[in-house]
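Work through the two exercises below with the sequence and the model at hand. Each task is followed by its solution in steps.

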Amino acid sequence: MINLSFEKVYSTDRIKENCYIGLPFRKGQLNDISKVSVTDSENREYASQSKATAYWQDGSIKWLFTRFEADIPANKGAEYILHTDRSPAPFEGINFKNNVIDTGELKLKLGTGNMLFDYIEYKGKKYDNIIKMPLLEDKSGNKYTPSIYDWQILEQGKLCTILKVQGSHTLNNKRVYAFEIKLTFYRNKSSFEFAYRLINTTDERLDIKSLVIPVEKNSKGNVRALTGISNYKTRFTESKGEEIFTYVDAEMLKYESNEHNAEVFYGTFFGDLTDEETGITATVYQAQQNFPKAVKVSSDKMEIMLVPEDIGNVKFERGMAREQRVQFYFHDTEEDIQSINNKTIIYQMPDKPYVKPEVFRQADVFHDVFTDKYNYDIELFIMAKADEHARCFGMMNWGDAPDLGYTAQGRGGGALVWTNNEYDFPHACTLQYVRTGTRRFLDYVLVAAEHWMDVDVCHYSNDPLIMGGQYEHTNGHILGNHIACSHEWVEGLLDYYHFTGNIEAYNTAIGIGENITRLLETPMFKNVGEANARETGWALRTLTALYIETNDEKWLEKCDWIVGHFEEWEEKYGLWLAPYTDNTAIRVVFMISVAVGSLMRYYRVRPQEKIKGMILRAVKDLCDNARLENGLFYYKELPSLKRLGNNPLILEALTIAYELSGDEEYIKAGLPTLKYVMSYKAAGLSFNKRIEEDSLIQGSMGTKSFAQLMIPVTVFYVTAQNLGLL
């Protein structure tokens, strides 16, 4: 049994609220998914639906993803229990047959061609083609015709069913821009989620003039048109059918005071059209965070403007994708405005269960970042570093942040250089979430990973060395057009997959791994020493992670080759030296630390004495030859570069050397570095705002700082604390 806890959030009861959770299990603990069920603390069973998202090599379940209904009382938390030894009772739920989905509250027939739905039926009232497909117009005046052609079932169950359809925006009968629409339905709900993902499948940038989802309704009798937008309290605009228009843009956000942590919640944004028969509400998920957004409502039409005309400047570079989500809610005419508003707010910030860190610790699926001996000065430092990253509002930027150091160096030619999830920010946030149970760290994971798998990965290219790869930090997210093994990660995407059940993240991670294997075949990796330790080190980390995830031996083929590469490298130079100027080969502490960390991940999968030996020789060499008189490690081994190194990756390398040798001197050698790293006071959450390029930027720190220190600082501190050295 695993206790699932809900914290107190809303002042209204949530009845049969749809919730989900991803949980790991230790090897051999869970074998039969049919024995998974959910009850409340009084042993009353609730409808649930489970699937495995990863397996151990023995076939037992490593990660379980469970959806379930929950009753959560007003102004209180709630406790539920996930059982792994009792079969759930059958229940009535969603019926999907012959392209008709029946939730019990809504009945919808899927469409084809230029119709998304043939009809939607609510309480006996049938509406033909009421919700249209998104209409795209570019700034050259081209209006594209949407059409769909391939329905798929992503998840099918009585509690939840998710469908996906492929489509294209065509011009002159030629497919130009691809899109996907994903529909998520829950049993006995008159709402569903509409997720639209646009993909630039051309070699040119797409400048969007407008992108609109029309809802057309032959209204009967008295009409109420309504829009709502909130920060603290929702501001309503209402008419009797006269056109009303509400929007959000950068200027509005700049001068609006909002104290929320925006990954978790900012406010709500919706339109509603109600007549004497029924009402329909459309809520745009995280509209403010993904501005520009607008909604227009009149007597018989509602337009959900994912990109409103003449507001903002949305640029889709080649190969980019971006998903935007809308909840459609059908309701009775009599439902009051505050009730509708309440449902939109809960959609923006749903109830999420959490478990104690011990559940993640016992499963043994993460780094050993857990401790029973807390040093609260260090804990507060780690927490503040996680919180200090900039929030960059804007449809193409939300979930990323610029790196001011790279920008100041001129790497973007005067433009902002976006971090592009360097060092795997989502995975770092995952580790902070599982060791604390604090919700906002999970929401950091979700927002950053969604940007990553949309914007920071190439979805279209004729170049196999670009396709599927993750772009290195650059201006415009991709304009540097540089994809390298040293800047491709997957662990955060896999975390996202396990926490959400969204297979798209898994597929993106696989695509990145395949891109890396293609890159490793290129000439730069054929000659020993021509690629530095960071290049092959990060590749080894990513490929090992994919093997751990999939148990597929193909990912280890290149791993063995990389290990051999490190052996040859050490033999040739005597050490892992990196070519720098035309006539130097130097120690680069953080790059060698990357290699050590990656080799250790592989060693834990395939223990080999030669790997252990290489690691210990490399770390001992750094301790003997790469430290300054003050005990700190230098940056790089040249007179012009022997400044104080502030990259904390050396702390992980020292912890690994201690793990392999048992020699406490490695931990003692890192204590000055830990003190120095912590001397950089974390900024925490900042509310300073500025408009730059197509983003409203709140705060100034990039995501790289926390991403690169989370694992090294935590594993080192936990080890030092256990040894009584702090």
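The model is predicted, so local features need pLDDT of at least 70 and side-chain atom pairs count only at pLDDT 80 or more, while totals for chains, interfaces and linings use all residues. Residues are numbered from 1 along each chain as its sequence is written, and side-chain values use heavy atoms, with hydrogens and water left out.

**Exercise 1.** Give the strand order of the four-stranded open sheet and find its edges.

Solution. 
1. The order is β1-β7-β3-β4, with antiparallel pairing; strands are DSSP runs of E, at least two residues long, and two strands pair if DSSP finds at least two bridges between them.
2. β1 (2-6) is joined to β7 (residues 78-83) by five bridges, and L4 has Y80 as its bridge partner.
3. Two bridges link β3 (residues 37-40) to β4, where V38 is partnered by Y46.
4. β1 and β4 (45-46) each have a single partner strand, so these two are the edges.

**Exercise 2.** Describe how helix α15 (residues 665-678) and helix α16 (residues 704-722) cross, and sort the contact residues.

Solution. 
1. The axes, lines fitted to C-alpha atoms over the stretch in contact, come within 11 Å and cross at roughly 125°.
2. α15 and α16 are therefore oblique, the class left over after under 35 degrees (roughly parallel), over 145 (roughly antiparallel) and 65 to 115 (roughly perpendicular).
3. With contact meaning heavy atoms within 4.5 Å, Y666, I667, G670, L671, L674 and V677 of α15 meet V713, F716, T719 and A720 of α16.
4. These contact residues comprise eight nonpolar, two polar and no charged; Gly counts as polar and Tyr as nonpolar.

How values were computed
Axes are lines fitted to C-alpha atoms, for helices over the stretch in contact, and angles run from 0 to 180 degrees between N-to-C directions.
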